[in-house]
Amino acid sequence: MDFRLTADQQLLRRSVREFAENEILPHVREWDEAQHFPTELVPRLGELGLLGIQVPDAYGGAAMSALDYCICIEELARVDPGVALSVAAHNGLCTAHILLFGSDAQKQKHLPRLARGEHIGAWGLTESTSGSDAAGMRTAAVRAGACWVLNGTKTFTTHGRVGQVMVVMAVTDKAAGSKGISAFIVEHGTPGMTPGKKEDKLGMRASDTSEVVFDNCRVPADALLGGEGQGFVGAMQVLDAGRIGIAALSVGLAQGAYEAALKYSQHRKAFGKTISAFQAIQWKLADTATRIEAARLLTYRAAYLKDTGASRTTMASSMAKLYASEIAVRAADDGVQIHGGYGFVKDYPAEKFFRDVKLTTIGEGTSEIQRLVIARQLLAR
Ligand SMILES: Cc1cc2nc3c(=O)[nH]c(=O)nc-3n(C[C@H](O)[C@H](O)[C@H](O)COP(=O)(O)OP(=O)(O)OC[C@H]3O[C@@H](n4cnc5c(N)ncnc54)[C@H](O)[C@@H]3O)c2cc1C
């Protein structure tokens, strides 16, 4: 067992950190306030390989490992969790679904454009009446000759407005329950597909989130991704890996919140001392740093299992996502507390970490759902 990162991984961390600090940090507040998805950043993300992190060379990707992927997401989240969420959803949901289940023709068509950032990917599972209970979806796809016709509305879709290609889960056989759900690749601009309401969010405001409406949206037969009826099982497999990404995002966000609090505590004076001299503050810092290390290890372990060929990493992914997101919420909360009143205003980053972090215990399965997944795995042993 070797806990050290390789020289290449250390270099990767430094490069992504430098990019995030130089090219993202100066705009964080502006993008958050305007709720602006930074399309201007997309070409740079593409050049750096951050939009095809685990896509093989053959399809124009950076062919990195799951552990490398964690490092990239962590470093982006340390500076701007909203950008990290978009990068994670693009790579870990839409692109990953096509990579895992696409035919060679589908991969040749979509992966190079996604990896270069010419196309931003979206992924639609959630609907207004089915989030945690995703198999209860109502969006339907009906076969009509050589085509499929989609009707329904997806909610909370990351890149629902700014994306160019979307993987959509839809019911193709209602009687078959979750085994009657199929996945489709739909290109934005297809008649009958329109972005719906843009969500006005608490945090992660630089990441685009909206409804996507399908109204007699006709797609060709070759838009079917994976076999008919395999869309739900496929989506669960995509989420196994996606959750490692959200765990990494949580670790990076917690790291950013912690570093901001540490720095502030070494400058702010009260009662004639810097506040870092008070044991109450030191304990918060010590507990946060320890929890972050523990979350990082759980996250890297899940990535390691994926990299070493585990067919499913369900329990390890859910444990990493559950723990990392919950300790990140605590880290962001303690970060605000250490800043006192200055944690409550936008002049310091603590306030934004505090708003952004809540998504990590909700997106890609709430904490309650992670516990349910873990418990099911434990009881099935
Ligand atoms: C910013 C953002 C981006 C997102 N991006 C995407 C995306 O790109 N694609 C996509 O498909 N979805 C996306 N989502 C949706 C997200 O995955 C869902 O919001 C999440 O799965 C929860 O579903 P819900 O909101 O319907 O909550 P609900 O399922 O209604 O849950 C409400 C509460 O009930 C609890 N609960 C539900 N069932 C159980 C149970 N069996 N046991 C115990 N507690 C339970 C939940 O944990 C939660 O606390 C996004 C959401 C947000 C906020």
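Predicted model: local features only at pLDDT ≥ 70, side-chain atom pairs only at ≥ 80, totals over all residues.
Biologist: Is Thr361 buried or exposed?

Modeller: Its relative accessibility is 7%. The cut-off for a buried residue is under 20%. Thr361 therefore counts as buried.

Biologist: Leaving aside residues up to four places away in sequence, which residues does Thr361 touch?

Modeller: Once residues up to four places away in sequence are set aside, the residues touched by Thr361 are Lys321, Ser325, Glu326, Val329, Thr366 and Ser367.

Biologist: Which element gives the most to the lining of the largest pocket?

Modeller: The largest pocket holds about 1,300 Å³ of space. Among its 49 lining residues, those closest to the centre are Thr126, Ile362, Gly363, Glu364 and Gly365. Two or more lining residues come from each of α5 (81-101), β1 (121-124), β3 (147-158), α7 (231-265), α10 and α11. The element that gives the most, with six residues, is α7.

Biologist: Phe156 has a positive phi although it is not a glycine; is Phe156 buried or exposed?

Modeller: Phe156 belongs to strand β3, and its phi is about 50°. Its relative accessibility is 57%, and the cut-off for exposed is over 50%. Phe156 therefore counts as exposed.

Biologist: His159 also has a positive phi without being a glycine; is His159 buried or exposed?

Modeller: His159 has a phi of about 75° and is found in the loop between β3 and β4 (165-171). Because its relative accessible area is 1%, His159 is buried.

Biologist: Which element gives the most to the lining of the largest cavity?

Modeller: The whole structure contains three cavities of 30 Å³ or more, and the largest has a volume of about 50 Å³. Its lining consists of Phe37, Pro38, Val42, Leu45, Gly82, Val83, Ser86, Val87 and Ala206; by class, seven are nonpolar, two are polar and none is charged. At least two lining residues come from each of α3 (42-47) and α5. The element that gives the most, with four residues, is α5.

Note on methods:
Residues numbered from 1 in each chain as written. Heavy atoms only, no water. Buried < 20%, exposed > 50% of the residue type's maximum accessible area, 1.4 Å probe, protein only. Contact = heavy atoms within 4.5 Å. 1 Å grid on protein atoms, 1.4 Å probe; cavity = no way out; pocket = protein on both sides within 12 Å on 5 of 7 lines; lining within 4 Å. Points joined across faces, edges and corners; volume = space filled by probe spheres on them. Nonpolar A, V, L, I, M, F, W, Y, C, P; charged D, E, K, R; others polar.
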